[in-house]
Amino acid sequence: MTAPTTTHPVAGHVRATPKVSGQYGVVPGAPAEQADPCTMVIFGATGDLTKRKLFPALYQLAAEHLLHPTFAVLAVGREPAETDDSYRERIRAALVDSDEVKHFDDEVWQRLAARTFYAGGDANDGSAYDLIKRRLAEIEHQREPHECNRFFYLAVPPSVFETIVRHLSESGLVPRHADQHERPWARVVVEKPFGHSLETAKELNALVLSLFAEHQVYRIDHYLGKETVQNVLVFRFANSIFEPLWNRAHISHVQITAAEEVGVEARGKYYEEAGVVRDMFQNHLLQLLALTGMEPPPSMTADAVRDEKVKVLKSIRWLTPETIPSSAVRAQYAPGTIKGKPVTGYRDEPDVAKESTTPTFAAARFYIDNWRWQGVPFYLRSGKRLGKRVSEIAVQFHAPPHLMFGGADGSEPLQPNTLVMRVQPNEGISLSFEVKVPGAAVAMTQHVEVAPVEMDFTYAEAFGETAAPAYETLLLDVMIGEMTLFLRSDEVEAAWKIIDPLVCFWEQHPPAHMPTYAAGSWGPAEADQLIAADGAKWREP
Ligand code: BG6
């Protein structure tokens with residue numbers, strides 16, 4: 001790192017020698033043989049997720065030669081008139097328009113297109129599964145029987161999860177495999193939301209696990225596929241200087257933020273039922289909390305990592321009707337301005353009730369009741385239509401015990417050291433600390449000017465633009481049977497146990513006046529008051 005130079009705060013730099021190692025997820029650049037021969041069957045062929053995330057990820061994997069040469073996709077959708085060719089055209093157009101595909105290369109697409117097929121059918125209807133079987137037989141004819149591995153991706157609304165998993169089991173497409181090493185393998189990938197509450201998540205888990213073994217079920221939380229989220233564990237446990245400080249003795253509090261500029265867009269119907277707590281807290285934010293707060297696992301195997309995450313989730317103190325009013329706030333976005341453009345308020349979005357009390361923003365204080373974290377608040381916040389798209393974990397250390405500089409004479413108080421893990425954008429890590437401002441020729445004992453500066457590491461600067469998009473990592477992990485970045489059934493339930501009391505209390509006690517925040521702001525005043533009550537302040541990243 002170079003020393004900071006002119007203005008404050010000042011960014012330093014990190015140069016890195018890229019290395020490929022470790023068994024945590026799949027590293028781009030890993031050899032193609034890692035991926036087994038397999039077919040991906042997508043339910044929800046014409047849906048948004050398939051167009052916006054799944055095919056761009058497959059395209060990228062094809063571009064990097066990470067797919068097995070016989071890899072194939074069978075997309076199942078409800079449009080009977082669609083053919084293989086017309087579906088390929090539809091996907092090609094989506095890829096050309098996609099922000100995730102930086103340079104569309106027709107040669108790459110032709111390779112993937114030749115292995116992309118369509119089956120028209122209603123996934124609620126048993127006959128669709130006969131058609132899927134027939135098409136799979138055609139597509140996989142050049143593979144040996146033990147190579148006919150398949151994964152079934154449920155990119156559909158949760159209301160049809162249950163029906164599809166039953167049909168997959170009854171049709172024999174996904175037989176229960178007691179042994180993880182059985183070949184050919186059959187896996188099921190389930191998108192979030194996994195359940196709508198603790199009770200429904202338990203029911204869904206019970207159903208899924210009555211049909212398949214846990215090792216066949218890949219529950220997605222796409223945040224876990226993000227490079228920087230995976231890096232939290234590497235940062236914590238591959239360095240020795242931070243871990244001794246990673247506890248209540250040195251850390252004053254942790255702020256976890258997932259802020260979005262976008263509103264609910266075309267998802268008003270889903271969002272009205274979900275709200276920000278189910279949509280973002282139950283999964284993404286609690287995963288970030290778990291990775292930040294967990295104990296070191298004995299190894300990086302999927303179960304060792306997930307065991308530690310479950311332990312920390314189980315140590316989170318439950319919110320109660322008595323503590324919720326002082327521990328959590330909710331609000332909805334009102335009209336405002338985003339990037340200089342006026343935008344509408346939540347209640348005026350399509351498919352949103354005029355009297356809706358669904359929160360689009362929430363902030364909450366959680367405590368982890370264990371030896372490491374006792375008394376350290378973890379503040380979580382997330383909202384749509386906030387000032388900036390940013391997700392980060394900010395770990396704030398205690399202020400020095402005795403202040404010789406700053407504060408005393410009315411000047412700015414010293415800023416406590418803060419370590420920020422930036423999940424997105426500008427992925428990286430920064431550490432702020434105080435330095436003496438050069439030049440003041442006054443004796444140290446009288447007045448010394450102090451200013452905060454930052455040591456800053458960015459992935460882009462250190463490694464170039466190599467970060468793999470989340471879905472690329474996750475799809476490859478399904479193909480190689482790597483489950484670390486997927487949620488286990490007990491983990492999903494542990495997260496619901498934390499979230500359920502809050503959503504239930506709020507739903508049973510709708511506010512007389514829903515607090516609002518202007519679109520483009522950093523949330524409601526109530527969120528500032530929540531954290532100010534502890535003497536802290538939200539960061540404005
Ligand atoms: C999804 C939520 O899980 O995550 C969306 O359903 C949200 O509402 C999205 O917009 C945010 O993901 P990202 O990767 O853009 O931070």
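This is a predicted model: local features need pLDDT of at least 70, side-chain atom pairs count only at pLDDT 80 or more; totals for chains, interfaces and linings use all residues.
**Arg143**

Leaving aside neighbours within four places in sequence, I found Arg143 in contact with Pro37, Cys38, Thr39, Thr70, Phe71, Ala72, Cys148 and Asn149. I then looked up where Arg143 sits: its place is in the loop between helix H4 (127–139) and strand S4 (149–154). Is Arg143 buried or exposed? Its relative accessibility is 7%, and the cut-off for buried is under 20%, so Arg143 counts as buried. I also checked its side chain, which reaches the backbone oxygen of Thr70 at 2.7 Å.

**Cys38**

Cys38 was on the contact list of Arg143, so I looked at Cys38 next. Cys38 is found in strand S1 (residues 38–43). It counts as buried, at 0% relative accessibility. Not counting residues up to four places away in sequence, I noted that Cys38 touches Thr70, Phe71, Ala72, Arg143, Asn149, Phe151, Trp185 and Met479. I also took one distance from Cys38: Glu144 is 106 residues away in sequence, and the two C-alpha atoms are 11 Å apart in space.

**Helix H3**

Which residues of helix H3 (residues 106–113) are buried? I found Val108, Trp109, Leu112 and Ala113. They lie on the same side of H3, because they cover an arc of only 130° around the axis. I then asked what covers the buried residues of H3. The cover includes helix H1 (48–63), helix H2 (84–97) and strand S3 (116–120). At the start of H3, I found a side-chain oxygen of Asp105 within 2.9 Å of the backbone nitrogen of Glu107.

**The ligand**

Which residues are around the ligand? I listed Lys192, His222, Tyr223, Lys226, Glu260, Arg267, Asp279, Met280, His284, Lys384, Arg389 and Gln424. By class, this shell has two nonpolar, three polar and seven charged residues. Helix H8 (residues 268–293) gives the most to the shell, with three residues.

A polar side-chain atom of Lys192 lies 2.8 Å from a ligand oxygen. For Asp279, an N or O atom of the side chain is 2.6 Å from an oxygen atom of the ligand. For His284, the corresponding distance from a side-chain N or O atom to a ligand oxygen is 2.7 Å. How much of the ligand does the protein cover? On its own the ligand has 400 Å² of accessible area, and the protein covers 83% of that.

**Cis peptide bonds**

The bond from Lys192 to Pro193 is cis, with omega near 0°. Pro193 lies in the loop between strand S5 (186–190) and helix H6 (198–211). The bond from Gln424 to Pro425 is also cis, with omega near -15°. Pro425 has its place in the loop between strand S14 (418–424) and strand S15 (428–436).

**Positive phi**

I wrote down the background before the cases: most residues other than glycine have a negative phi, and most peptide bonds are trans. His65 has a phi near 55°, a positive value in a residue other than glycine. I placed His65 in the loop between H1 and strand S2 (72–77).

Asn426 is not a glycine, yet its phi is positive, at about 50°. Asn426 is found in the loop between S14 and S15, where I had already placed Pro425. Is Asn426 buried, partly exposed or exposed? With a relative accessible area of 45%, Asn426 is partly exposed.

**One last distance**

I ended with Asp85, which is found in helix H2. At 52% relative accessibility, Asp85 counts as exposed, since the cut-off for that is over 50%. How far apart are the C-alpha atoms of Asp85 and Asn426? The two residues are 341 residues apart along the chain, and I noted a separation of 39 Å between their C-alpha atoms.

Definitions and conventions
Residues are numbered from 1 along each chain as its sequence is written. Side-chain values use heavy atoms; hydrogens and water are left out. A residue is near a molecule or strand if one of its heavy atoms lies within 4 Å of it. A polar contact is a pair of N or O atoms within 3.5 Å; within protein, one must be able to donate a hydrogen and the other to accept it, and residues adjacent in sequence count only if both atoms are side-chain atoms. Accessible areas come from the Shrake-Rupley method with a 1.4 Å probe; for residues, only the protein chains shown count as cover. Helices (H or I, at least four residues) and strands (E, at least two) are DSSP runs, numbered from the N terminus. Ala, Val, Leu, Ile, Met, Phe, Trp, Tyr, Cys and Pro count as nonpolar, Asp, Glu, Lys and Arg as charged, and the others, Gly among them, as polar. Buried means under 20% relative accessible area, exposed over 50%, partly exposed in between (1.4 Å probe, protein chains only). The arc is that of the directions from the helix axis to the C-beta atoms. Contact means heavy atoms within 4.5 Å.
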